[in-house]
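Let's walk through this structure together, starting with the whole chain and then turning to one of its sheets. Keep the model open beside you as you read.

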Amino acid sequence: MCAANHFLGRMNRRRSYGKFGPLVGAIDEGTSSARFLVFAAQTAEVLTYHQVSVPSICPNEGWVEQDPQVLMNAVLECVEKTVENLKHLEIDPNDIVAIGVSNQRETTVVWDVISGKPLYNAIVWLDMRTSETVDRLVKKARNHDPEYLKPLCGLPISTYFSAVKLRWLLDNVKEVQEAVADGRCLFGTIDSWIIWNLTGRTDGGLHVTEVTNASRTMLMNIKTLDWDDDLLNFFEIPKEILPDIHSSSEVYGYITAGSLSGVPISGCLGDQQAALVGQMCFKKGQAKSTYGTGCFLLYNTGNSVIQSKHGLLTTVAYKLGRNKPPVYALEGSVAVAGAAIKWLQENLGLFDSMEEIKDLSNYTGQVGDVVFVPAFSGLYAPYWRKDARSVICGLSEETEKGHLIRAALEAACFQTRDILDAMNADCHIPLSRLLVDGGMTANNYIMQLQADLSGIPVVRPLMTEATALGAAIAAGIAEGVAVWDLDNTVDVPCDIFYPRMTDNEREILHLKWKKAVDRSLGWDVDPTEEPTEDALPVALASLPSGLVHMSSGDKHSSMVSTIPAGIFLLTTLGLLVFARWRSGQV
C-alpha cells in the first residue's frame, strides 16, 4: 500500500513531463538474456535500454535449467543501469509511469514463500527430461491419446508445457515435496517469479500470473480462463500452489524497492503474445513470426477458440483489460531456430562472431544442398515428435563449414513453411503477408529465403523491438495509467521481401526438407521397450537385396536366413583388417 501511495503522490505532483512525454518501461526476460527498455508512450520510440546475458545450465543430456535468482538479478541490474542511462541522457526517470513484463513462457519455477529462495533451478521450456513423465501421462489419457486434453486447454501432452515440468518436480525433488506438504511452495512461470520479487518478495509479494502465460501451463481452461479442476486432477497438482490469474493489462501491484519504487506493474504478456501485440496484429487473420532461440508463429483468430487439426496449438493471444474479452490465436512453435546457430558456434566452433554469418549465408552452392533438421529437443509443431533428433543430410566431400551454417539458417525458414501450411489448412484463408521480428530477422538472406519458401511477402519493421513494445503497450493502456493511445499509433517503416522462386522450385526444396525430417524421426527409443513391429524391416531395408530373408508369416518378422549375412559381415571385416595391415607395410 505504501508503494501505491508513493506512486499516487508522485502522479499528483506531476504537472508536466519532459520533452518525450510519459515513459513506459518494459522488462523483456528471454531465454538467453534479460533487458529493460524505456519507450516514449506518445511515439513508441525506444529511448534507452540495458541488456544482460543469462546462462543456461545443462546437467544432463536434454536437460536445460536456469538459476531463478540469476535471472532476477539480471532483471534488477537492467532496470538500474537503464535508469542511469536516462540520467546521462538528461531524461527524468520519474517520467516512467508504468512497467510491463514480457517473459519466456512455459519455463517453470518453484520457490519457498518463507525464505524466498528457489526450491530448484527453473526448468526451461525446451528441456526434455520429462519424456518419461509424458509417456506415463499419455498412457493415463483416454485411448492413450496425447491430444486428449486439447478441448480443455488447447495443448497436447508434451515436454514443452509447464504442468509436465511441475509434475516432474513433484515426483523427483524432495525439497519441493516437503515444501508442498508444509504449505511453503509457490509455483509460477517466469512472469510470476519476477512480479513476486518486484512487489515485496517475502514481505507481501504478489503471487500472480496473466492469461497468456497461464494458457501455456496446461492447467488453465482455455474458455473460462480459470484453473481447471479436471486438469489439476489429471496432473495431480495442488491448486494452492498456483498464482492468481489476471488479464494482460491491469495494475497488478507496485515496485517496492530500487530506483523505480512505487511505479505500477500494469502489463504482462508471454513473449510471443507480446510480439503479436507489438506488431499491432489486433485483427482476426493477422499473423507474426518471431525468430529467436526458437521460432514462433501466431495467427489471430479473434474471439473464437479454434482447435487445430494439423498440429498447431490453441492459445490466448491477449486480454487487454480486466473487463475486456479474450482474443485467441493458433500457434506453431519451433523449438530450435537461433539455438542451432549458437550450437554451431559454441559446440562445433565453426565461427567466432555472428558478423561472420552475413558472409557465410551466401556461400557457394544451392539452397538445400545440405539440409539440417535441428531437433535437439525433438520436433514441435506441426509434428510433435519427442523421439526426433537432429540430422544433417546431403553431406559430400565438397561440403564446407559455410554449407552447414547456411543449412542451419535455412532450417528456421523450412520449419516456418511447415507451420504456414498447417495454418492454411486449419483456417482455410492463406496469409497474404508475414510480419516478422526477432534477432534472426536482421539477416537479409533468411528473410528473402522465407519469402521464397512461403510464396508470400515477408514484412520486417525497422523497429525490431516488437516483444518489449507489446509489454509496454499493455502497461501503458491499463486502466489507471492510460498514457498510450492505440487509436493514434505511428506507422512503422518496413522492409518488404518479395518471393523470387517459382512454385516448382519452392516445392522441390520443401520436398527435400520433408525427406530430411522423415530421417530425423524415431531416434530417441526407450531401450526398455520392445521394438515396434515395423522397426526391424525399416532398419534392414537399406541392406543389400538378398542379404537378409524375412519371414512374412511371423508377426515379429524373424530372420530365417542368417548364415549368408554372417559370412558377408565376416568377409568384409577380414578384408578391412587385411587392407589396414597392407597399408602399414608400405
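The chain holds 18 helices and 23 strands, where helices (H or I, at least four residues) and strands (E, at least two) are DSSP runs numbered from the N terminus. This is a predicted model, in which local features need pLDDT of at least 70 and side-chain atom pairs count only at pLDDT 80 or more, while totals for chains, interfaces and linings use all residues. Residues are numbered from 1 along each chain as its sequence is written, and side-chain values use heavy atoms, leaving out hydrogens and water.

Of the 586 residues in the chain, 54% are buried, that is, under 20% relative accessible area with a 1.4 Å probe, counting protein chains only. Take the contacts (heavy atoms within 4.5 Å) between residues at least 6 apart in sequence: 70% of them join residues at least 24 apart.

Now look for an open sheet of six strands, in the order β3-β2-β1-β5-β12-β11, with mixed pairing. Two strands count as paired if DSSP finds at least two bridges between them. The edge strands, β3 (45-53) and β11 (249-254), each pair on one side only. On average, neighbouring strands of this sheet are turned by 25 degrees against each other, direction ignored.

Inside this sheet, β1 (residues 23-29) and β5 (residues 96-103) run parallel, joined by seven bridges. You can find L23 opposite I96 in β5. Helix α2 (residues 68-88) lies across β1, β2 (33-40), β3 and β5, and runs at about 140 degrees to β3. For such angles, axes are lines fitted to C-alpha atoms, for helices over the stretch in contact, and the values run from 0 to 180 degrees between N-to-C directions.

Note on methods
Buried means under 20% relative accessible area, exposed over 50%, partly exposed in between (1.4 Å probe, protein chains only).
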